[in-house]
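Me: I would like to learn how to read a protein structure, one feature at a time. Can we start with a helix and what surrounds it?

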Amino acid sequence: MGRPVHPRPGAKRHVFSAAAYNRRAGKHHRAASMIVKQSDHSANALLVIPEDADDLFTLRRMVAPGDYAIADTTRVVKQESEYGRPDRGERVKVRLTIRVDRVELDASVDRLRVSGTITHTSNELVSKGVHHALSVQAGDVLTIDKGRKWQDVELRLLRRSGDGSSSFILVAIDTQEAAVARVTGTHVKIIPNIYSGQQGKRYPATTKNASLDSFFADTAKTVSSVLSEGDRIIVFGPGETRRRFYNALDRNGLPKERAQVVDGVDVAGEDGVFVFLRSPAMKDAMSASKLATVSAMLDQVMLMVNRGENKYAVGLKDITDAASIKAVEAIIFSDSVFKTADEEAVVRLLNSVESYGAKTYAVDSSTDIGLRVSSLGGMVALLRYAVR
C-alpha cells in the first residue's frame with residue numbers, strides 16, 4: 001500500500017484511552033443514536049442525550065437564542081460575611097434553566113457551549129439574572145424548551161441524528177503493535193497503540209505482553225471496551241497476524257460473526273487506520289457507512305471537475321447561492337469551515353437545505369476525507385442541476 005499517510009500537520013487526531021472513551025460516551029454499549037424524549041418540564045420541551053460529535057452539531061443547529069436550556073451543572077457559590085471579604089467559594093451542583101443568548105460548537109474537544117441568563121435554579125444560593133454557560137458533551141442530558149411547538153423539520157433532524165447507520169471498530173494489527181479505532185458516522189476516534197513486546201527492529205523485547213496470546217487478549221479487551229451493540233469489527237494489517245487475531249476472537253469474548261478480515265492494507269497501528277480509511281477496501285468493507293457514502297460523493301465531485309461539469313458548488317457563498325434556488329442535493333462540510341466562515345451563516349444554510357429535502361454530512365477534518373473537504377474551502381455541494 002506504500003508509505004503510511006499521516007494527517008496534515010496541525011490537524012487534530014481524536015485519540016483517547018479506552019477509559020476516556022467510555023467516560024465521554026457515558027459507558028453506553030448500544031448503537032449510537034441520540035436519545036430524544038418528551039420532557040415533563042413543559043409541552044414544548046424535549047429531553048435529549050447526544051451520543052457523539054454529529055449529535056452535538058445537530059444540537060448546535062437546533063438550539064437558538066431565545067430558547068430555554070435546562071441542565072445539571074456546577075457553579076461556584078461565595079459566602080459573604082458582614083465584616084470580611086467573600087470567601088473563595090464552594091462549587092455546588094445545581095440544576096439551572098437559562099434563557100439562551102449564544103450557542104458555540106468547540107469541535108476540537110467535541111463540546112457544545114450554551115450561554116445565557118439564569119431564569120431558574122434549584123439552589124437558592126445561586127442567583128437568578130446572572131450569566132452562565134452550560135458545557136454539553138456526549139452522554140450529557142439537556143432539556144430544550146423553545147416556548148413554542150417544534151417544527152417538523154426540527155423534529156426530523158433531531159430524530160435522524162445518529163439514525164442507526166452502521167458503526168465500525170477497526171483493528172490495525174501486526175506482531176508488534178495494534179491500534180483500535182471506532183468509526184461512527186463520519187467521525188473517527190482512535191485509541192493509542194497497544195504494543196506486543198515482541199522482538200523487532202522498532203521495539204525492544206519486554207516481559208509485558210511477551211506472547212501473541214496475551215497481546216491478542218489485551219487488544220481484544222480494548223475492542224470490547226468500545227464495542228457497542230450492532231457494531232461491526234474489521235481487522236487488517238500485514239502478514240498473517242490479522243487472521244490469527246480474527247481466529248482468536250471467540251476465545252477472547254468477541255463476536256466473531258460480526259467481524260471480518262480485510263486484505264490489501266499492509267500497515268498496522270494508527271498509521272494503518274488512516275491508510276485503511278483512504279483505501280478502496282474501506283468502501284467495500286464499510287459500504288453501509290456514512291463515511292463510504294461521503295467518500296463516493298467526493299469522488300463524484302472530482303470526476304465532474306475533471307469533466308468540466310457544473311453540477312457542484314464549492315465554498316459557503318456559491319453553495320448559499322445554489323441553495324437560494326433549491327438546487328442543492330447534498331452538502332459535505334468539514335469542521336474547518338468554522339475557522340473562515342460565520343458559524344450562524346453555516347447553520348442557516350444547512351437548516352435551509354434540510355427544509356427542502358437536501359442531505360448534509362459533517363466530516364472530521366483530521367481524517368483524509370475531512371482534509372479533502374477542507375482543501376475545497378471546507379464545504380462542497382452536489383447540485384440537482386447546473387447553475388453556472
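Me: Which residues of helix α11 (residues 368-375) are buried?
Reply: This is a predicted model, and the reading below applies to that model. Buried means under 20% relative accessible area. In α11, Ile369, Gly370, Leu371, Val373 and Ser374 are buried. These residues pack against α7 (280-285) and α8 (290-307), and also against the strands β14 (328-334), β15 (359-363) and β16 (379-383). Just after α11 comes Gly377, with a positive phi of about 90°.

Me: How many residues of helix α6 (residues 269-277) are buried?
Reply: In α6, 8 of the 9 residues are buried, so the helix is largely enclosed by the rest of the structure. The buried ones are Gly269, Glu270, Gly272, Val273, Phe274, Val275, Phe276 and Leu277.

Me: What is the strand order of the open sheet of 5 strands?
Reply: The order is β10-β9-β8-β11-β12, and the pairing is mixed. The edges are β10 (187-195) and β12 (259-261), each with a single partner strand, so one side of each has no neighbour in the sheet. On average, neighbouring strands are turned by 20° against each other, direction ignored. Helix α4 (residues 212-226) packs on this sheet and touches β8, β9, β10 and β11 (232-236). The direction of α4 makes about 15° with that of β9.

Me: Are the faces of β8 covered or uncovered?
Reply: In a regular strand the side chains alternate between the two faces of the sheet. For β8, both faces are covered. Phe168, Leu170 and Ala172 are buried on one side, and Ile169, Val171 and Ile173 are buried on the other. With 6 of the 6 residues buried, β8 is largely enclosed by the rest of the structure.

Me: How do β8 and β9 run, and how many bridges join them?
Reply: Strands β8 (residues 168-173) and β9 (residues 177-184) run antiparallel and are joined by 6 bridges. Phe168 has Val183 in β9 as its bridge partner, while the partner of Ile173 is Ala178. A hairpin of 3 residues connects β8 to β9. The pairing of β8 with β11 is parallel, with 5 bridges. There, Ala172 stands opposite Phe236 in β11.

Me: Which residues touch the most other members of the largest nonpolar core?
Reply: In soluble globular proteins, nonpolar side chains tend to be buried together. The largest nonpolar core here has 51 residues, and Val114, Leu142, Val328 and Ile331 touch the most other members. Strand β4 (residues 90-106) gives the most to this core, namely 7 residues. Domain 1 (28-162) and domain 3 (290-383) both contribute, so the core lies between them. Leaving aside neighbours within four places in sequence, Ile331 has contacts that include Ile319, Leu349, Leu350, Val353, Tyr361 and Met379. A second, separate core has 38 residues, among them Ala179, Ala181, Phe274 and Leu298.

Me: How many salt bridges does a search of the whole structure find?
Reply: Side chains of opposite charge can pair when their charged atoms come close. The search finds 16 salt bridges. In one of them, Glu343 meets Arg60 at 2.4 Å, N to O. Glu343 is in helix α10 (residues 343-355) and Arg60 in helix α2 (residues 53-62), so this pair ties together parts that are 283 residues apart in sequence. Glu343 counts as buried at 18% relative accessibility, and Arg60 is buried at 3%.

Me: Are Arg251 and Asp213 buried or exposed?
Reply: Exposed means over 50% relative accessible area. Arg251 is exposed, at 61%, and Asp213 is exposed, at 51%. The two form a salt bridge, with the closest N and O atoms 3.9 Å apart. Arg251 is in the loop between α5 (241-247) and β12, and Asp213 is in helix α4, 38 residues apart.

Me: Which residue meets Asp263 in a salt bridge?
Reply: The partner is Arg242, at 2.9 Å, N to O. Asp263 lies in the loop between β12 and α6 and Arg242 in helix α5, so the pair ties together parts 21 residues apart in sequence. Asp263 is partly exposed, at 41% relative accessible area, whereas Arg242 is buried, at 9%. Elsewhere, salt bridges that share partners join Arg60, Glu343 and Glu344 into one network.

Notes: Residues are numbered from 1 along each chain as its sequence is written. This is a predicted model: local features need pLDDT of at least 70, side-chain atom pairs count only at pLDDT 80 or more; totals for chains, interfaces and linings use all residues. Side-chain values use heavy atoms; hydrogens and water are left out. A nonpolar core is a set of buried Ala, Val, Leu, Ile, Met, Phe, Trp, Tyr and Cys residues joined through side-chain atoms within 4.5 Å. Buried means under 20% relative accessible area, exposed over 50%, partly exposed in between (1.4 Å probe, protein chains only). Helices (H or I, at least four residues) and strands (E, at least two) are DSSP runs, numbered from the N terminus. Domain bounds come from an automatic or database domain assignment. Contact means heavy atoms within 4.5 Å. Two strands pair if DSSP finds at least two bridges between them. Axes are lines fitted to C-alpha atoms, for helices over the stretch in contact, and angles run from 0 to 180 degrees between N-to-C directions. A salt bridge is a side-chain nitrogen of Lys or Arg within 4 Å of a carboxyl oxygen of Asp or Glu.
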